[in-house]
Amino acid sequence: MKTLQELTRPNIWSLAPYSSARDEYSGHAAHVFLDANENPYNQPYNRYPDPLQKELKSAISKVKGVPADNIFLGNGSDEAIDLPYRCFCRPGIDNVVAIEPTYGMYRVCADINNVEYRPVLLDENYQIRAGQLLEACDEYTKIIWICSPNNPSGNNILRDEIVKVLQSFGGIVIVDEAYSDFSSQKPFRNDLSLYPNLIVLNTMSKAWGCAAIRLGMAFASKEIIDVFNKVKYPYNINSLTQHQALNALKDPFEVDKWVRILLLERTRMIDAFRLLPICKQIYHTDANFFLARMTDAQSIYSYLVDRGIIVRNRTRIQLCQNCIRVTIGTKTENNELLAALRQYPHPSLG
């Protein structure tokens, strides 16, 4: 691959990051804080949070098996998606390549940062070959985006094909593993030492049930993490989020239990959907949701909305015509969805 300096925007490489009050005394014990113009009252909310989230990263390191120096924490995964554009892609010059269909924020962030976005269409099984992605690249391609398990299709992208991309591409490869806790495929975060051009995304929003606290993760080489830390806002993860994440991380076995329950429910829901006259096809999934091709996705979606049941209508997405995406809920929620769909007025039933 190219060197990190070659991949990084020159202004970012030479950037002098903002030095917060909490950075300057790092390593020293302190108990009187008169440096950051904080109000001394209303503890503990009067103090700025740890800008580098050291305690939280230590806890994540133990659960995820990634050294703390290889972890970046963002305000949701959206921050970890936006930062690579700001760090590596020169607006109006560089481009990125991504599988299609996939998570929409990759394109949105490209548009915001004035970076050309090159989608490469998946096949009918929502898979891709490394050569197809590499053929879409040129000398100005800085990033390849791969979401696995993919959203909205739910399936793992073939691991061997991702490895080929990592071995052949000279830029940054970002593998978004937001749904990896529901998958049996080996996560790429365990392979950071093998691929210096790899960034792996993860989140507290899915398996950990903490979407409200907005905590995203990026795992990468220390050198890439250092670049991210130069560019991020000083106090990007608030104290309430850090505190709640630490509480959640104390009981990873509870999360394992949720995952097992959701996987069993996923199997039950897919089996039930296959019996619906209005369901034409269920696609393979490795996530906590599945994609279903229906007879008329828009009509079915509107019918469910009228009954207070919300699924995701994906019919306007490439390769997803007449598809809805169904997240696995509680057994009660899932049963309510099934009951409503069984009452849907299918034409063949008169």
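An open sheet of 4 strands, with antiparallel pairing, has the order β8-β9-β11-β10. Because β8 (279–282) and β10 (312–313) stand at the edges with a single partner strand each, one side of each is left without a neighbour in the sheet. Here helices (H or I, at least four residues) and strands (E, at least two) are DSSP runs numbered from the N terminus, and two strands are said to pair if DSSP finds at least two bridges between them. The strands β10 and β11 run antiparallel and are joined by 2 bridges, and asparagine 313 has isoleucine 324 in β11 as its bridge partner.

The structure is a predicted model, in which local features need pLDDT of at least 70 and side-chain atom pairs count only at pLDDT 80 or more, whereas totals for chains, interfaces and linings use all residues. Residues are numbered from 1 along each chain as its sequence is written, and side-chain values use heavy atoms, with hydrogens and water left out.

Strand β2 (residues 95–100) pairs with β4 in the parallel sense over 4 bridges, and valine 97 has isoleucine 144 of β4 as its bridge partner. Strand β5 (residues 172–176) also pairs with β4 in the parallel sense, over 5 bridges, and the bridge partner of cysteine 147 in β5 is aspartate 176.

Helix α4 (residues 54–64) contains lysine 57, which counts as buried because its relative accessibility is 6%. The buried residues of α4 are Leu56, Lys57, Ala59, Ile60, Ser61 and Lys64, and what covers them includes β1 (71–75), β6 (198–203), β7 (215–219), α9 (222–231) and α10 (239–249). With neighbours within four places in sequence left aside, lysine 57 is in contact with Leu52, Ala68, Ile71, Phe72, Leu73 and Asn229, where contact means heavy atoms within 4.5 Å. A polar atom of the lysine 57 side chain lies 3.3 Å from the backbone oxygen of isoleucine 71. After α4 comes glycine 65, whose phi is positive, near 70°.

The largest pocket has a volume of about 590 Å³, a volume being the space filled by probe spheres set on the grid points. Its lining comprises 27 residues, of which Tyr103, Asn151, Tyr179, Lys206 and Arg325 lie nearest the centre of the pocket. At least two residues of this lining are supplied by each of α5 (76–88), α6 (105–112) and β11 (323–327).

A search of the whole structure finds 1 cavity of 30 Å³ or more, and about 50 Å³ of space lies in the largest cavity. Among the residues that line the largest cavity are Ser148, Pro149, Glu177 and Phe188.

Terms used: Buried means under 20% relative accessible area, exposed over 50%, partly exposed in between (1.4 Å probe, protein chains only). A polar contact is a pair of N or O atoms within 3.5 Å; within protein, one must be able to donate a hydrogen and the other to accept it, and residues adjacent in sequence count only if both atoms are side-chain atoms. On a 1 Å grid over the protein atoms alone, a cavity is a set of points where a 1.4 Å probe fits but cannot get out, and a pocket is an open set with protein on both sides within 12 Å along at least five of seven lines; lining residues have an atom within 4 Å of a point.
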